[in-house]
Amino acid sequence: MKQNFDKLDPGSAKFDKAAADIERENAKLSAMEGQLYKVEQALKAVGRENSFFGKMENFGKNLVKSGDHIQQFGKKVSDFGGTLTKGVTAPLLASAGFAVKAAIDYETAFAGVKKTVDGTPQQFARLSNSIREMAREMPSSAVEIANVAEAAGQLGVPIGAIKDFSKTMINLGVSTNLSSEEAASSIAKIGNIMQVSGKDLGTWSGHFGSAVVDLGNHFATTERDIVAMTNRLAAGGKLAGMTTQDILGLATAMSSVGIEAEAGGTAMTQTLTGIGKAVDGVGDGAKEKLELLARVSGVSAQKFAETWKKHPVEALQEFIKGLERGAKQGKNVDEVLSALDMTGIRQGNMLKSLALASDRMGEAVSRSNSAWKENNALTNEASKRYETTESQLKIFK
């Protein structure tokens, strides 16, 4: 605002009014200058603050990034912890529980062994250690082996033979269609019939098992059928003077032509008894029966009697072959058997069936004796079974 001071008289009313206006305007101007200064200082302060907050913003961003990394790391640690719990801790706890249960089960099973077997604390300790060692080498648990040992004790196997006997039964259970308990029951009974001494049962059972496995591998029969038939023939064969391996061969020949154990065992026992009486001169017409047996076999009565007393299975084999020859020559086999008082239907059917495969009988007896002597068929068969993945996993477990 521009004022014309030249035309105003000092002291006049207009002059005083104009001067007052100028003072007011100057005051406003000073006030505005003060405000401008404050604004300037404020702007400078804002600039410094922007710089600081810029740095703080960057720091904040970095902190956020670090937080993200920390969060990710924490998540990874958490995930690892979960994996560790599921993959390691839980299985370890489960394994510990399994181990405890296995230990309790074994303690119970071995208590059963102690109930059926007589022995000192030291003998039981050695037996327990041997069972545990077998469990590390065979696809059977210590509990399963202890159950076999208990069954062996019930059948009269002494503590000194338990280890070898049980090992053979476990091998048979793995290598054949016999279960370990089934094998133990049958073979121990056969051993008792054959009057095998207790201390020899462990070794004897090993030879028995090898013969059974070899025969089962080479003839049209199974190990279960061979053992079942042998059980039926054992008493009659023993009384006739046959060895265990001879009886095993005869049992193999009979079961391989479809003769069942129950019927065949009874029929063969009757046959062996009848031949034995004829050789010993017991009963009516014993001499005539011996001469007929010899004639059918193609030898003299004296020769037949001597062979029967030394090797009864060979004399029986020659008689069976003679029946086969007679049938081929057109002779009436039923008349021959009737004259020998071998008239039972089962007995006649059994002898006729064997006659049709007389060569197999000789082969079975020969093979049984060889396998018994070599005593390695069962071990070899079991070793092959133990090499399978399934068996290795069981052993590892």
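Visitor: What makes the residues around the second largest pocket its lining, and which of them lie nearest its centre?

Guide: On a 1 Å grid over the protein atoms alone, a pocket is an open set of points with protein on both sides within 12 Å along at least five of seven lines, and a lining residue has an atom within 4 Å of a point, whereas a set where a 1.4 Å probe fits but cannot get out is a cavity. For the second largest pocket the lining comes to 21 residues, and D164, K167, T168, N171 and T379 lie nearest the centre. This is a predicted model, in which local features need pLDDT of at least 70 and side-chain atom pairs count only at pLDDT 80 or more, while totals for chains, interfaces and linings use all residues. Residues are numbered from 1 along each chain as its sequence is written, and side-chain values use heavy atoms, with hydrogens and water left out.

Visitor: What volume does the second largest pocket have, and which elements give two or more residues to its lining?

Guide: The volume is about 390 Å³, where a volume is the space filled by probe spheres set on the grid points, which are joined across faces, edges and corners. Two or more lining residues come from each of α2 (121-137), α4, α6 (201-218) and α16 (377-386). Here a helix is a DSSP run of H or I with at least four residues, a strand is a run of E with at least two, and both are numbered from the N terminus; the protein chain has 17 helices and 0 strands.

Visitor: How many of the lining residues are nonpolar, polar or charged, and what puts a residue in its class?

Guide: The lining has 5 nonpolar, 11 polar and 5 charged residues. Ala, Val, Leu, Ile, Met, Phe, Trp, Tyr, Cys and Pro count as nonpolar, Asp, Glu, Lys and Arg as charged, and the others, with Gly among them, as polar; D164 and K167 are therefore charged, and T168, N171 and T379 polar.

Visitor: What describes the packing of α3 and α4, and in which hand do they cross?

Guide: Two packed helices are described by the angle between their axes and the distance between the axes. Helix α3 (residues 142-154) and helix α4 (residues 159-175) pack at about 120°, with axes 9 Å apart. Each axis is a line fitted to C-alpha atoms over the stretch in contact, and angles run from 0 to 180 degrees between N-to-C directions. The crossing of α3 past α4 is right-handed, the term for a near helix turned clockwise from the far one by less than a right angle, left-handed being anticlockwise.

Visitor: Which residues meet between α3 and α4, and what is needed for a contact?

Guide: Contact means heavy atoms within 4.5 Å; I145, V148, A149, A152 and G153 of α3 meet I162, F165, S166, M169 and I170 of α4. By class, this contact has 8 nonpolar, 2 polar and no charged residues.

Visitor: What makes A146 and S140 buried or exposed?

Guide: Buried means under 20% relative accessible area, exposed over 50%, and partly exposed in between, with a 1.4 Å probe and protein chains only. A146, in helix α3, has 0% and is therefore buried, and S140, in the loop between α2 and α3, is also buried at 11%. Leaving aside neighbours within four places in sequence, A146 is in contact with Y106, A109, F110, V113 and I131, while S140 is in contact with A135, I145 and I170.

Visitor: Why are E260, T266 and K189 placed in their accessibility classes?

Guide: E260, in the loop between α8 (244-256) and α9 (261-280), counts as exposed because its relative accessibility is 60%. T266 lies in helix α9 and counts as partly exposed at 39%, as does K189 at 42%, a residue of helix α5 (residues 180-193). Not counting residues up to four places away in sequence, K189 touches L155 and N231.
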